[in-house]
Every structure is written in C-alpha cells, then in structure tokens.
Amino acid sequence: MSGTASHEFLNPMAKGKAFSLSDDEIKQDYLAQKPLPWRKKVHKFDPEFFKCDNKIVKFNHSQLGDFRALVSFSHTIVSDSNTWKHLNLLTILCFITMAVVYFSQSYRSVNDSSNVSSRIQTLISFVFASYISLVISRWDRIRNTTLGQQWGSLENLVFAAIKIVRKRTKVRTSQIEASLASSADRCQSEEQVAEIRRLNEALEQLADEEHLLVNRIIRYARLSMILTFRAAQSSDDFALLEELKLLSADEERWLRAAAIGTRPLMVVSWISEYFEELLPSKGCEVNDVAMSLIASNTLSLRGGIGATLGCIGSQLPYAYVHVITWTIQILLCALSVETGVVLSVYLYMDENGAGNYSPANDDTWPERPYVWYLNNFLQVTAGNVIYALFVEGMLAICEKLSNPMGHNEMCFSDRLFDTFLFNNCRALYAGSRGFDKVDAGDVDKPSPRKTVA
C-alpha cells in the first residue's frame, strides 16, 4: 500500500474530492437548500398570486394594467366584509334621510342649501393623505430597516461562525493528515493499521463536529427570526418551530417560561454563548477585529429585534388616528344624507313636476324631465359611493399594514422568511466547503490590454 494512495483513499476530506461530485450531490450534500414554500394561484379576473400560508408573497403587477384592476375582487377593498358592513349602514342612513325629506316636503330648502360634505372633503384630503403616507413609511421601515437589520446581523454572525469553524477544521485536519501520512508510509504492523483507522475516524468525527457547530448557529438564526414574528403577533404558537425541529426540549421549556416579547432576546444570549464556547478551542483563535465584528453584529441583532418590536408595538397617537377616523365617518354620513336628499328631491319632482323650480345649470330641459332627474341622481350617487368605498378601503388597508408581521393576507410570511434565511446560510457554508478555488484556470486571468496605435 503506497503512502499517497492510502492517504487519499482513507481521508474523506482529501483535497480535490469535490471535483468529482455530481450536480445532485452538490445540491443535496453541500447546499442542502429548501425549495421555496410558495404556490402559484391563477385567477380568471385577478392577477397571478404567489402565496405562502395564504399570505400574498408576490403578484404579477403588469396584469393590473390590462384593466384587471377594474374587475379584480380577491384580496381587494371590494372583498373586505367590514367595508361592506359600513356601506350598508350608510345606505340605511341614506334611505332614512330620503323618507324624512320626501314625506316632510322639505326638499326645496335642503336641496338649495350649501354642500356641507364639500367642506369636509377639503379638510380631510390633506390629513388623510398624510396618514396614509405615515402608515406606508412605517411598513417600509419595519421591512427594510428594523427587520432588515436583524436579518443582516444574523447572516453576518452565521458567516463569522462558519469561517471560525472552517479554520478550526482545517487546522485540525492538517495535523491529522500529517499523522496519517506518516503512519501510511510505515504501514507494517496491525498496530499501525489500527492507528490509520483511528486517524480516519478522527477525520470523520471532525467533519461531523463541523456540521453540528454550523447547523447549531443556523438553527439559532432561524429561531431568532421566527420568534420575532411570534412576538410581533403576541402569539404563543410553537407549531412551526416544532414542525421545523428548531427546538430541543430544554430550550422550549425555557422559552415558554419567558414573556413572549423577550423570547428572541433569549436566543441572542444563546448566540453570544455559542461564540464564547467556540472561540477558546484550539484552532479557533481570531484577531481583535474579528472579535469586534462579532460583538457589533450581536448588538446589532439585539437592536434590530428591539427596533422591530418597538415599531410594531408603538402605535400612532390615539388622538391623531381618532380625529382622522372620526372626520371620515362624519364625511361619509354627510355624503349619505346628501344622497338621500337628492334621491327624495328628484323622486318628488319626477312625480309632481318642478313647479317654479329650475335647475341652476340647465336652461334647456330635456323632452322627458325624468331623464334629467335620473342622470343627476346617478352622477351624485355613483360619485359618493365610489368615494365612500375608497376611504373605507384605505382605512381597512392602513389597519392591515399597521403590523406587517401579523396574520392577515398582506403580512410577511414567517415560513418564507425562514426558508430564505436558511438557504442564504447554507450558501455561505457551501461556498466555504466547495472545490479548490486556488486554481480557477483562465477565469481569473485579466483580459489582455488593448494597445493604442
């Protein structure tokens, strides 16, 4: 048995081994990433949706431009039950007003009075636009700033752990390989053969330890993300964590004992303890710069969690939200009363004629007066209904966007976030374990310079 042959045959981590891997082996053994847990849902009138746990992840924006926005129903303000409940109440108010005006014959004085709703519309237009802008900005801040800070810190910590663990593995592997090569060169007795086997078992054990250490920090990262979602939802549900097998029995017991909003912070301490346990081991020495980066990302993780939960938990001032909602409700009631008055006036005129009354802007009456009554009524009614539907729908949307990590269909999917985070971490790990990248052939060679005549 030659030394070189025995060394490469017995060492499962031999240099260049990854060159012979197939595409499936790279995907399954090295990357081991998960497929995205979303499904495509095609509607006849609505755009295509990609959903995960009944939450909209993506949609085909271009299809809304094909006039589908006019006929779309699913997940819109038109399909919101609370909006239609409010509109039903406004409709009842409209018919009550119509009956009162019609039977009291007060249609002339009311119909000729100034339009109260136009004044309120002018007042609410600026304030309501500012409120919508605040809600959208808050949603964007949670997604890209606070939650993005947490996500970035988690990936940085995982990447730092991978580099430290890989360095530890390489140092110990080189020591074992030196002993293995020496033993293989003088492989004569049974004791020497046993020593070779023991060294190969040590290599395999070292590879298993590396996988365990990397999987542990990735598990902590995923656990931190999902627990942040649960804290934002004020939910004690551990079903997803149990399904993904992210908790040991002792960890679950400690987490359940803690308050819901503090559970992600407990995982931050676990991550800190992970590095404190890892760094003293032989071959894991790092410089002060790396230690500073680990500490800063750990603090950034804690800050991202606190900022996310603080932003969600801190609502807009009650007086501000109340005055906007109150003014909108007053406006919708005024529009409902106006519609009822117009209906009663035009109904009375259609039955009894206009008398000495003439429309302000129509000098020439149509041959059939009821056409004029009907046109004006439909114009006023359609405008008021569309306006009421718009403001009611925007209020409902703002309410759903107030907590982007909640349970409704517009919120972020914790399962999808977990999958993205897991796949990113696996890519970081696979990139550090892959083929020998020292000699990449002509890929890394600079292109020849062009000579200028």
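**Exercise 1. Find the backbone oxygen that the side chain of Ser344 reaches, then describe the surroundings of this serine.**

Solution, step by step:
- Start at the side chain: in this predicted model, Ser344 reaches the backbone oxygen of Val341 at 2.7 Å.
- Now look for contacts beyond four places away in sequence: Ser344 touches Met98, Val101 and Tyr102.
- Finally, check accessibility: the relative value for Ser344 is 1%, and buried means under 20%, so Ser344 counts as buried.

**Exercise 2. Work out how helices α10 and α11 are oriented to each other, and which residues make their contact.**

Solution, step by step:
- Pick out the two helices: α10 spans residues 263-278 and α11 spans residues 288-313.
- Take the geometry: they pack at an angle of about 170°, and their axes are 10 Å apart.
- Apply the cut-off: angles over 145 degrees count as roughly antiparallel, so α10 and α11 are roughly antiparallel to each other.
- List the contact: α10 brings Pro264, Leu265, Val268, Ile271, Ser272 and Phe275, while α11 brings Ile294, Thr298, Leu301, Arg302 and Ile305.
- Sort by class: eight of these residues are nonpolar, two are polar and one is charged.

**Exercise 3. Trace how strand β2 pairs with β1 and with β3.**

Solution, step by step:
- Begin with β1 (residues 39-41): it pairs with β2 (residues 49-52) in the antiparallel sense over three bridges, and Lys41 stands opposite Phe49.
- Move on to β3 (residues 55-59): four bridges join it to β2, again antiparallel, with Lys51 opposite Ile56.

Notes
Residues are numbered from 1 along each chain as its sequence is written. This is a predicted model: local features need pLDDT of at least 70, side-chain atom pairs count only at pLDDT 80 or more; totals for chains, interfaces and linings use all residues. Side-chain values use heavy atoms; hydrogens and water are left out. Buried means under 20% relative accessible area, exposed over 50%, partly exposed in between (1.4 Å probe, protein chains only). A polar contact is a pair of N or O atoms within 3.5 Å; within protein, one must be able to donate a hydrogen and the other to accept it, and residues adjacent in sequence count only if both atoms are side-chain atoms. Contact means heavy atoms within 4.5 Å. Axes are lines fitted to C-alpha atoms, for helices over the stretch in contact, and angles run from 0 to 180 degrees between N-to-C directions. Angles under 35 degrees count as roughly parallel, over 145 as roughly antiparallel, 65 to 115 as roughly perpendicular and the rest as oblique. Ala, Val, Leu, Ile, Met, Phe, Trp, Tyr, Cys and Pro count as nonpolar, Asp, Glu, Lys and Arg as charged, and the others, Gly among them, as polar. Two strands pair if DSSP finds at least two bridges between them.
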